[in-house]
Amino acid sequence: MPAAPDLRLAASLDQPGLKAWLQETDPASLNELWACADAVRRAQVGDEVHLRGLIEVSSHCIRHCLYCGLRAPSEGLERYRMNAGEILECAREAVRLGYGSVVLQGGEDPGLTQDFITEVVRAIKRDTPLAVTLSLGERSDADLQAWREAGADRYLLRFETSDPVLYRRIHPSLPGTLSDRFAQLARMRDMGYEIGTGVMVGIPGQTWDTLAGDILRFREFDMDMIGVGPFLPSPRTPLGRPEAEAFFAPPEAQVPNDELTTLKVVALTRLVCPEANIPSTTALATLDRAQGRELALMRGANVVMPNVTPVSYRARYEIYPGKACINETALACQGCLEGRIRSLGRSLAKGPGGRLKADCKN
Ligand code: 5AD
Ligand code: FES
């Protein structure tokens, strides 16, 4: 029988401790980390895996993020914006497939007006039992408040990096705006949203120190949902072209954008935020199609976000190339994922699947 995992590991995770774990290469030590993350996941959020239907509502974007294929200057992309009827039909499909929530995700698109999203959220809440998560970038408090009042339950906004200098380098600001995602996350929490965030692993310029700091931020903000995936270079973007060289940290400091490091971040995130909902991300599945989804679920994750966007739009939502599941229908993905989840001895959750808070916290 395997030895019981040493749960004291979880208590020693300060900045140097996290950095050391991120750089750990000893297989026995890593097995201890995986076992500990899996035990904490089971004890805190159980064996059920929550499925959230992902609806990619718009590929228009006004921002110039240096890593994202949907950035405004990307050429040759056929942009689309779904209409309300199409979005509602995807939500109904999510209900038919047994999912408890949907995530409406898009670029930062002013064409998704406050009124439009308000109406869509209202309709989904009126016609379905789904929880609704929004992931529409940096928006005004007025928009966020209106959507909350319409019934939106959760909002995802990754802060991408806690290093302010790197943040500014990879997110050229729009004229007259100051980007402060931590402030937006805090305001959304005050509005009553469950809040989700996350980072990419291995973005050029990301160091071991800042990645350890990112994980501490998850804990400091007591995030409800935390998504982490590898950075996947897109040739449509500056960070996917040779000019990216200038961004890299020295080799000993630069975090690689590989599967092992991503899995370490997933496991450590589970340890510092035991109650959080943590997805096994599509970016990781893209890096390792054979077993990326499963490995994350075995090392801390408890959520999967199957794509329910109509196949005709999927390929056009090209954040990075080669995205997993681009041609599979929602039904095919559901069957595939269900098989993968059951093969791990885990079960599918029913219902909206909000964050479970321990009652004994003082
Ligand atoms: N590689 C991996 N993830 C990416 N994202 C954006 N561009 C990339 C990329 N090139 C992630 C960002 C964003 C989320 C929707 O997708 O973290 O918040
Ligand atoms: Fe989409 Fe497996 S999850 S095909």
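A: Strand β2 (residues 101-106) is mostly covered, with six of its six residues buried, where buried means that 20 or more other C-beta atoms, placed from the backbone, lie within 10 Å of the residue's own, exposed means 12 or fewer, and partly exposed lies in between. Strands such as this one are DSSP runs of E of at least two residues, helices are runs of H or I of at least four, and both are numbered from the N terminus. This is a predicted model, in which local features need pLDDT of at least 70 and side-chain atom pairs count only at pLDDT 80 or more, while totals for chains, interfaces and linings use all residues. Residues are numbered from 1 along each chain as its sequence is written, and chains are lettered from A and ligands numbered from 1 in the order in which they are written.

In a regular strand the side chains alternate between the two faces of the sheet. In β2, S101, V103 and Q105 point one way, V102, L104 and G106 point the other way, and all of them are buried.

Turning to the partners of β2, strand β1 (residues 48-58) pairs with β2 in the parallel sense over six bridges, pairing being counted when DSSP finds at least two bridges between two strands. Within this pair, V103 in β2 is the bridge partner of L54. The chain gets from β1 to β2 by way of helix α3 (residues 84-96), in a β-α-β crossover that is right-handed; that is, with the strands pointing away from the viewer, the path from the first strand over the helix to the second runs clockwise.

β2 also runs parallel to strand β3, to which five bridges join it, and here V103 has T133 of β3 as its bridge partner. This crossover passes from β2 through helix α4 (residues 114-127) to β3 and is right-handed. β3 (residues 131-135) is itself mostly covered, since four of its five residues are buried.

From β3 the pairing continues to strand β4 (residues 154-156), in the parallel sense and over two bridges, with T133 standing opposite R154 in β4. Together with helix α5 (residues 141-150), β3 and β4 make a right-handed β-α-β unit.

As for the setting of these strands, the secondary structure of the protein chain comes to 13 helices and nine strands. The radius of gyration, taken over C-alpha atoms, is 19 Å, close to the 21 Å that the globule rule (2.2 Å times the number of residues to the power 0.38) gives for 362 residues, so the chain is as compact as a globular protein of that length. Taken along the principal axes, its C-alpha atoms fill a box of roughly 55 × 45 × 40 Å. Of the 362 residues, 44% count as buried. Among contacts (C-beta atoms, placed from the backbone, within 7 Å) between residues at least 6 apart in sequence, 83% join residues at least 24 apart.

Conventions: Contact = placed C-beta atoms within 7 Å.
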